[in-house]
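Take a walk through this model, from one side chain out to the whole fold. Keep the viewer open.

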Amino acid sequence: MKPPPFDYEAPETLDAAIALLGGDEDAKALAGGQSLVPLLSLRLTYPSLLVDLRRIPGLDGIEQTDGSLVIGAMTRQRAAELDDRVRESCPLLGKALTHVAHPQIRSRGTVGGSIAHADPASELPATMLALGGKARIAGPGGNREVDAEALFTGLLTTALEPGELITAIELPTPPANAGSACVEVTRRRGDYAQAGCVALVELEDGSVADSAVAFFGIADRPVRAPEVERAIAGLGPAEAAHEAADAATRTIEPGSDPELSDDYRLHLVGVVVRRAVEQAAKEAK
């Protein structure tokens, strides 16, 4: 199908992009285009104006600071996936990126674009949530930062105000003794997840000292699971994995899916969290 008609601008400064987006409530920002362009072709969105961000300097790149990793919004997903700083200081992000669609898609798709698109079946929003990250945002009212827990507000919806753009995401780097994992169930490799889980597990004297667990593909946004985190505290790796599945199936209520029964979706929740906690604990050990 052909996309609907729209105007196109490719500003060369961030201020110009913000002015264009703020001046037209039906304008859309174009980053890598791997989500927006298919929506246009299917005529599921009708923007009056596309504001292409690729000519704006300073929106890509990866910077390692004391205790955190800052990733520019226009950084290609494949570039982040292959970056040594990501692999060494934030391996969960690297693992999650390997599950995003296919290498060809990741070569064009951007980290910030995936976060801003806020697809509930996407790996990166859940990863940002589990890591306790935050988004750096620029807009008509100036700059601000929003924690991941407040950023994702619903299906394909974020806390971004009209005219605002994510310029970077900041991810705290986990402790060196933490293990991590990203597990998902899909129909085919590269498909959207029917259920997925990211987990961070920190061991101390062979038991879980701290953890972070977040799900994707089961609700209208990524879901943090504090009940699971509390349930596995103090347990050994094997017991923690089974308790994580038990706690998740007791406390998580997946949204309905016309192609999957509610019982099967709940079963998948238990499967992905058990595998994720098991893999993360094994790596930490």
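Arginine 106 touches Arg76, Gln77, Arg78, Glu81, Leu97, Thr98, Val100 and Ala101, leaving aside residues up to four places away in sequence. Contact here means heavy atoms within 4.5 Å. This is a predicted model: local features need pLDDT of at least 70, side-chain atom pairs count only at pLDDT 80 or more, and totals for chains, interfaces and linings use all residues. Residues are numbered from 1 along each chain as its sequence is written, and side-chain values use heavy atoms, without hydrogens and water.

Arginine 106 sits in helix α6, residues 103-108. Helices (H or I, at least four residues) and strands (E, at least two) are DSSP runs, numbered from the N terminus. The relative accessible area of arginine 106 is 4%, so the residue is buried. Buried means under 20% relative accessible area, exposed over 50%, partly exposed in between (1.4 Å probe, protein chains only).

Which side chain does arginine 106 join in a polar contact of 2.7 Å? The partner is glutamate 81. The arginine 106 side chain also reaches the backbone oxygen of leucine 97, at 3.3 Å.

Now look at helix α8, residues 123-131. Nine of its nine residues are buried, among them Glu123, Pro125 and Met128. Just after α8, glycine 132 takes a positive phi of about 70 degrees.

Zoom out. The protein has 12 helices and 14 strands. Buried residues make up 49% of its 285 residues. The C-alpha atoms fill a box of roughly 55 × 45 × 35 Å, taken along the principal axes.

Methods
A polar contact is a pair of N or O atoms within 3.5 Å; within protein, one must be able to donate a hydrogen and the other to accept it, and residues adjacent in sequence count only if both atoms are side-chain atoms.
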